[in-house]
Amino acid sequence: MAVTTAAAAAGATTSASATTTIIPLLTPYKMGKFNLSHRIVMAPLTRNRSYNNIPQPHAVKYYSQRTKNGGFLITEATGVSDTAQGYPNTPGIWTKEQVEAWKPIVDAVHDKGGIFFCQIWHVGRVSTYDFQPNGEAPISCTNKGATPGIDGVDWSPPRALRTEEIPHVVNDFRLAARNAIEAGFDGVEIHGANGYLIDQFMKDQVNDRTDQYGGSLENRCRFPLEIVEAVVNEIGSERVGMRLSPFAAYMEAGDSNPEALGLYMAKALNKFQILYLHVIEPRMIKINDKYETPHSLLPIRSTFNGTFIAAGGYNRDEGNKAVAENYTDLVAYGRLFLANPDLPKRFELNAPLNKYNRSTFYIPDPVVGYTDYPFLEVPA
């Protein structure tokens, strides 16, 4: 429930000035027990700068730069176990050393009044032998691998988890959630999107199992819902969010009926009363860099009882429109937040935005393309 009704605020003016418009993205919002000062969420963004899977001191500056009092930030995807990794220098939260390394980063965000959730993640088959313990095969719901060369990597053939192994992976997510709270995070976001392990189980293009985790929609969603249940029981529903991408086919993980999948998960998640649902919009770039959206998130948004977050290539005007029309409660921004650490201020002033440099998204440099994007110079 918003403190200020976004739709009413869309055209409202402040009493102090008839020329100052209150834009919907900058209206406050109460998300469970968290009082957000605006609707602009920092999306989870893989940055490949956590050497040896350990968060680094330079992340203190990176996250704190992007923190505003009452702002909501989600970490880069963070591995739940030593089998969860598929990319170089991604952070984990399964060891004591990793938990300790996260603490100063969390403290820096909290010191500026931010709300900080850790996105917990397992890549599943989107990995190679090099990233797996003892050079073993990556684990998945299937023995079918992603086509070598997708995303520029020759992914190694996976091994389908045996039925009796699945509870162990569920437990990895539970322990990661516990570790996140120990590190000081306000909660966790379960990464169920982008073609990674949870998404692999949910999507019928990938899941070819014949046990209770395959076949029907209910069976394919059993694994993610067992994870949600375990995490909720461990840290409380008010600290749990989930990210989904039912309409997407990232890493060859598509579904024949994404509408049914999205609605089923929204209804099922209501039973656990989790804090929020974060859904990626299937937005496609057309002529002149204009986005078109072939599917609406509104049915999922209308079904889910908690806070709803939309993501997927939004700009300032589109975000304002989505909030004003009650299409979503919050809007997650990725590349724009990466390149504009003061994004809420720039949106407030409708100021020019820094252009992001895609070539520096995933390099290991602790500064370049990471903490060197300039802030807006606002006259005192």
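**View 1.** Phe-34 is buried, with a relative accessible area of 8% (buried is under 20%, exposed over 50% and partly exposed in between, for a 1.4 Å probe and protein chains only). Phe-117 is likewise buried, at 0% relative accessibility. The model is predicted, so local features require pLDDT of at least 70 and side-chain atom pairs count only at pLDDT 80 or more, while totals for chains, interfaces and linings use all residues. Residues are numbered from 1 along each chain as its sequence is written, and side-chain values use heavy atoms, with hydrogens and water left out. Rings of Phe, Tyr and Trp (its six-membered ring) pair if their centres lie within 6.5 Å, and planes under 30 degrees apart count as stacked, over 60 as edge-to-face and the rest as tilted; by this rule there are 18 aromatic pairs. Phe-34 and Phe-117 form an edge-to-face pair, at 5.8 Å centre to centre and 80° between the planes. This pair links distant parts of the chain, with Phe-34 in strand 2 (residues 34-36) and Phe-117 in strand 6 (residues 115-121), 83 residues apart. Helices (H or I, at least four residues) and strands (E, at least two) are DSSP runs numbered from the N terminus.

**View 2.** Tyr-87 and Trp-121 form a stacked pair, because their ring centres are 6.2 Å apart and their planes lie at 10°. Tyr-87 is in the loop between strand 5 (78-79) and helix 3 (96-111), whereas Trp-121 is in strand 6, 34 residues apart. Tyr-87 is buried at 14% relative accessibility, and Trp-121 is buried at 1%.

**View 3.** Ring pairs join Tyr-62, Tyr-63, Trp-102, Phe-116, Phe-185 and Tyr-370 into a cluster.

**View 4.** Helix 7 (residues 222-235) packs with helix 8 (residues 258-272) at an angle of about 20°, their axes being 10 Å apart. The two helices are therefore roughly parallel (angles under 35 degrees). In the contact (heavy atoms within 4.5 Å), Pro-224, Leu-225, Val-228, Glu-229 and Val-232 of helix 7 meet Tyr-264, Met-265, Ala-268, Leu-269 and Phe-272 of helix 8. These residues comprise 9 nonpolar, no polar and 1 charged.

**View 5.** Met-251, although not a glycine, has a positive phi of about 50°. Met-251 lies in the loop between strand 10 (240-244) and helix 8, and is buried at 10% relative accessibility. Glu-252, in the loop between strand 10 and helix 8, has a positive phi near 60°. Glu-252 is partly exposed, with a relative accessible area of 27%. Most residues other than glycine have a negative phi.

Notes: Axes fitted to C-alpha atoms, helices over the stretch in contact; angles between N-to-C directions. Parallel < 35°, antiparallel > 145°, perpendicular 65-115°, else oblique. Nonpolar A, V, L, I, M, F, W, Y, C, P; charged D, E, K, R; others polar.
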